[in-house]
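Me: I would like to go through the labels attached to this model and ask what each one rests on.

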Amino acid sequence: MSLFEKIRGEFVDIIEWLDSTNDTMVYRFQRYNNEIKMGAKLTVRPGQKAVFVNEGRIADCFGPGMYTLSTQNLPILTTLMGWPYAFNSPFKAEVYFFNTRIFTNLKWGTSNPIILRDAELGPVRLRAYGTYNVRIVQPEVLLQELVSTDGLFQVDEVSDHIRNMIMTAFTSSIGAAQVPLFDLASRYQEISNTIRQNMQADVQRFGLDLTQLLIENISLPPEVEAALDKRASIGVLGNMQQYTQYQVANSIEQSAQNPSGGNSFLELGVGLAMAQQVTNALNPGAAQSQQPPAVSPQPATSPAAAPPPPPQPQWYLSRDGQTFGPFPVNQLLQQGLTAQTYVWRSGMSGWQFANAVPELAALLPPPPPSGA
């Protein structure tokens with residue numbers, strides 16, 4: 001190597017930064033104590049800015065492009081260093097490259113639940129999370145406020161601070177908005193914009209711009225969500241009396257299909273009795289209407305003082321898996337009552353053959369005598 005090449009190698013004549021990462025915001029050009037040659041080539045690529053610093057003081061800034069360094073395009077540095085016109089000697093200066101692209105999909109979220117008062121549910125604990133985007137808009141401000149002498153400033157060095165700022169703004173904004181809990185999902189965009197506007201001034205103090213903030217989800221504790229699901233299920237069911245009758249009918253059908261055996265007709269009767277009891281419990285007015293009317297007190301001498309006759313019991317018949325009725329007792333023979341017909345009325349524990357019920361056995365014709 002010639003003496004000229006050796007001397008020339010001691011000076012930096014190409015200044016550029018090829019970013020191989022996705023999270024570096026600021027990079028200080030490595031010179032290894034070499035001086036920058038006057039007339040060196042400075043390359044600033046799209047999405048970058050370069051800032052020269054002399055002895056801790058910010059000098060000239062360069063946007064995207066290729067430059068040949070001279071006193072003409074380094075006016076501030078020329079003034080700071082007191083260079084004469086057409087100064088051509090090597091010089092020392094720090095060069096910082098700033099990545100001005102938008103850093104996207106940065107995460108934020110609540111580390112602890114936020115307690116808020118909802119008009120319908122009362123005090124509730126909320127958790128929230130989402131994403132935000134940020135970019136550098138004032139490299140000089142960022143250099144002074146956060147970077148300082150950091151030679152490799154990455155986005156995670158500022159993301160934690162911005163995340164804390166978002167949480168403070170989120171808590172204040174959602175508390176002031178007083179949006180009902182059930183309406184929050186429809187107001188995500190509005191709340192996000194409000195939070196971004198409220199904290200923009202604080203972010204700009206660091207030379208940054210919060211380009212977007214999104215709320216992905218606001219959630220309740222699992223036990224509260226489970227209670228709300230039950231509440232919604234009840235609302236979907238609507239008429240509870242019809243729902244109960246439907247459930248009883250399904251239970252009867254499943255019982256009839258039970259392969260383990262059993263008297264399906266007896267189970268049918270029990271099911272009908274249970275359905276009647278549940279219906280009466282859910283509809284007290286209907287139950288009262290089925291009771292015999294109260295006897296009005298009459299004077300002892302009045303001929304109308306005798307109480308009305310008790311209501312006749314209503315009977316149900318079962319044939320071929322189908323239920324018929326109710327019928328009064330005097331109509332049962334007309335409906336095909338036989339000794340082997342299954343019957344049931346209110347008060348019986350289950351279905352029985354007609355000849356096993358004393359009050360119906362008297363209605364049946366006597367069996368033929370046995371053969372000689």
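Me: Which hand does the crossing of H4 and H5 have?
Reply: The crossing of H4 and H5 is right-handed. Keep in mind that this is a predicted model. The contact is made by Ile-162, Met-165, Ile-166, Ala-169, Phe-170 and Ser-173 on the H4 side, and by Thr-194, Ile-195, Asn-198, Met-199, Asp-202 and Val-203 on the H5 side.

Me: What else does H4 lie across?
Reply: H4 lies across strands S2 and S11, and runs at about 35° to S11.

Me: What makes S5 and S11 the edge strands of their sheet?
Reply: The open sheet of five strands has the order S5-S4-S7-S2-S11, with antiparallel pairing. Strand S5 (57–62) and strand S11 (152–154) each pair on one side only, and that makes them the edges. From one strand to the next, the twist averages 20°.

Me: How do you know that S4 and S7 count as paired?
Reply: Pairing needs at least two bridges. S4 (residues 48–54) and S7 (residues 94–99) have six bridges, in the antiparallel sense, so they meet the cut-off. In one of the bridges, Val-51 has Tyr-96 of S7 as its partner.

Me: Which helix packs on this sheet and touches S2, S4, S5, S7 and S11?
Reply: That is H3 (residues 139–147), whose direction makes about 105° with that of S7.

Me: Why can the buried residues of H3 be said to line one face?
Reply: Pro-139, Leu-142, Leu-143 and Val-147 of H3 are buried. Seen down the helix axis, the buried residues fall within an arc of 100°, so they line one face of H3. As a general point, an α-helix has 3.6 residues a turn, so residues three or four places apart point the same way.

Me: What makes Ser-148 partly exposed?
Reply: Buried means under 20% and exposed means over 50%, with partly exposed in between. Ser-148 has 45% relative accessibility, so it counts as partly exposed. Ser-148 is found in the loop between H3 and S11, and its phi is near 60°, a positive value in a residue other than glycine.

Me: Why is Glu-55 called exposed?
Reply: The relative accessible area of Glu-55 is 71%. The cut-off for exposed is over 50%, so the label holds. Glu-55 lies in the loop between S4 and S5, with a positive phi near 50°.

Me: How do you know that the peptide bond from Gly-325 to Pro-326 is cis?
Reply: Its omega is near 5°. Pro-326 lies in strand S14 (residues 322–327).

Me: Where does S14 stand in its sheet?
Reply: S14 is an edge strand, as is S16 (352–353): each pairs on one side only. The sheet is open, with four strands in the order S14-S13-S15-S16 and antiparallel pairing.

Me: What makes S13 and S15 a pair?
Reply: S13 (residues 315–319) and S15 (residues 342–345) have four bridges in the antiparallel sense. At least two are required, so they count as paired. Ser-318 stands opposite Tyr-342 in S15.

Notes: Residues are numbered from 1 along each chain as its sequence is written. This is a predicted model: local features need pLDDT of at least 70, side-chain atom pairs count only at pLDDT 80 or more; totals for chains, interfaces and linings use all residues. Side-chain values use heavy atoms; hydrogens and water are left out. Axes are lines fitted to C-alpha atoms, for helices over the stretch in contact, and angles run from 0 to 180 degrees between N-to-C directions. Contact means heavy atoms within 4.5 Å. Buried means under 20% relative accessible area, exposed over 50%, partly exposed in between (1.4 Å probe, protein chains only). The arc is that of the directions from the helix axis to the C-beta atoms. A crossing is left-handed if the near helix is turned anticlockwise from the far one by less than a right angle, and right-handed if clockwise.
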